[in-house]
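Please keep the model open while reading these notes. The points go from the sheet to one helix and then to the charged side chains.

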Amino acid sequence: MLDDYGKEGVMHRLVRFNCAIMDGEMSDQQAHGYELVADCRLRAAIDLFAHTWDPVVLAALRSGPRRRHQLRAAIGGMSDKVLTDALHRLLANGLIKRATYAEAPPRVDYSLTGLGESLVDGPMKALGRWILEHGDDLLDAQESAGAGPIPRPAQSNGSRPGQG
């Protein structure tokens, strides 16, 4: 049954309610029996990690502004098209900014926004700590599940990735 807000108002309230469930604003008991919808803040945040290269580009920008060719050199193994797509997504999400300088030749720098810095220094840093502690267990579990051999990152200095 529709209320005074009509179908759109009911849908908006349902979306907001379900986002409150996923964002921890509501207990599991309060949430029991309600359907989750795709349009919530948690889904939007998780989508930031859905594209393999986006977090890598963000991590490469953590040290400061970089030009496009510097990003490609720092990351390695990334095609120009994939970098372009990642930069477009990150710009659209407000995680990076693009600064153009009127020089000869023209210069364009990419850097993290405040929102991007909060993602890199918060959840990405926490995920990095988690992967240092549990990454081998994760890869072992994937291999045991029959997913076939999962390539492990190369370790050039004998330490675990990110430790040296």
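1. Three strands form an open sheet in the order E1-E3-E2, with antiparallel pairing. E1 and E2 are the edge strands, since each pairs on one side only. Two strands count as paired if DSSP finds at least two bridges between them. Helices (H or I, at least four residues) and strands (E, at least two) are DSSP runs, numbered from the N terminus. In general, strands of a sheet pair through backbone hydrogen bonds, either parallel or antiparallel.

2. A word on the source: this is a predicted model, in which local features need pLDDT of at least 70 and side-chain atom pairs count only at pLDDT 80 or more, while totals for chains, interfaces and linings use all residues. Residues are numbered from 1 along each chain as its sequence is written, and side-chain values use heavy atoms, with hydrogens and water left out.

3. Strand E1 (residues 66-67) pairs with E3 in the antiparallel sense over two bridges. The bridge partner of Arg-67 in E3 is Asp-109. E2 and E3 are also antiparallel, over six bridges, and a hairpin of five residues joins E2 to E3. Tyr-101 stands opposite Arg-107 of E3.

4. How much of E3 is buried? Five of its six residues are, so E3 is largely enclosed by the rest of the structure. Here buried means under 20% relative accessible area, exposed means over 50%, and partly exposed lies in between (1.4 Å probe, protein chains only). Ser-111 is found in E3 and counts as buried because its relative accessibility is 13%. Apart from neighbours within four places in sequence, Ser-111 is in contact (heavy atoms within 4.5 Å) with Leu-61, Pro-65, Leu-95, Ile-96 and Lys-97.

5. Helix H6 (residues 80-92) has 13 residues and should span 18 Å at 1.5 Å a residue; its end C-alpha atoms are 18 Å apart, which agrees. The expected span is 1.5 Å times one less than the number of residues. Just after H6, Gly-94 takes a positive phi of about 75°.

6. Which residues of H6 are buried? They are Leu-83, Ala-86, Leu-87 and Leu-90. These four cover an arc of only 100° around the axis, which puts them on the same side of H6; the arc is that of the directions from the helix axis to the C-beta atoms. The cover over the buried residues of H6 includes helix H4 (53-60), helix H5 (68-75), strand E2 (96-101) and strand E3 (107-112). On the face turned away from the buried side are the exposed residues Lys-81, His-88 and Ala-92.

7. The whole structure holds seven salt bridges. A salt bridge is a side-chain nitrogen of Lys or Arg within 4 Å of a carboxyl oxygen of Asp or Glu. One of them joins Arg-68 and Asp-80 (3.0 Å, N to O). Arg-68 lies in helix H5 and Asp-80 in helix H6, so this pair ties together parts twelve residues apart in sequence. Arg-68, Arg-72 and Asp-80 are linked in a network of salt bridges.

8. Asp-85 is partly exposed at 29% relative accessible area, whereas Lys-81 is exposed at 58%.
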